[in-house]
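Here is a short briefing on one protein model. Look at the fold first, then follow the points below.

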Amino acid sequence: MADQGVSGRGRATRVAFWLTVIGAGVGLIVGLFELADRFDPAEPPRAVPTSTTSTVQETPPVRLANGDEGFLQPGQCAANVGTAESPILRIAACDAAGALRVLGRIEQEISDEAEADAICQADSADYTEYHYSNWAGRSDYVDVLFCLGPA
């Protein structure tokens, strides 16, 4: 009598099915952890250095769009979770340590820090500092100038 069990082809199909289910589950779990990490309110924001004076540099530092810059709108608050040389703005509660309010969001190409300073001064008189998301001038990044002030 022939074995009435599952054939080799049926067994391979079941194994492939379960591997697919397990892979999808692992991918979902990893995605949820990454999403939770991005919006983790327990992560303390780093203080954003503030200054009331602007210095003009001959070669601006490279500051590419990163963090939550694509989502920041005027009225929201943000904190620098990067460094002074390589800032990364994240949306933050306005009462968080080091939080700054976005006073203005200007989407246009800026050639240097003096121009950024002048634009923020004209757009948001109460600004204390600014952040430009595309100092490197790469065409695959949106040029956005954020005028920031006290939260």
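E109 lies in the loop between β3 and α2. Helices (H or I, at least four residues) and strands (E, at least two) are DSSP runs, numbered from the N terminus. This is a predicted model: local features need pLDDT of at least 70, side-chain atom pairs count only at pLDDT 80 or more, and totals for chains, interfaces and linings use all residues. Residues are numbered from 1 along each chain as its sequence is written, and side-chain values use heavy atoms, leaving out hydrogens and water.

- E109 is exposed, with a relative accessible area of 63% (exposed means over 50%, buried under 20%, partly exposed in between, with a 1.4 Å probe and protein chains only).
- Leaving aside neighbours within four places in sequence, E109 is in contact with E115, Y132 and D143 (contact means heavy atoms within 4.5 Å).
- E109 and L145 are 36 residues apart in sequence, yet 8.5 Å apart in space, C-alpha to C-alpha.

**The strand pair**
- β4 pairs with β5 (residues 145-150) in the antiparallel sense, over 4 bridges (two strands pair if DSSP finds at least two bridges between them).
- Y132 stands opposite L145 in β5.

**The sheet and its helix**
- An open sheet is formed by 5 strands, in the order β2-β1-β3-β5-β4, with antiparallel pairing.
- β2 (89-92) and β4 (129-132) are the edge strands, and each pairs on one side only.
- Helix α2 (residues 113-123) packs on the sheet and touches β3 (100-106), β4 and β5.
- The direction of α2 makes about 60° with that of β5 (axes are lines fitted to C-alpha atoms, for helices over the stretch in contact, and angles run from 0 to 180 degrees between N-to-C directions).
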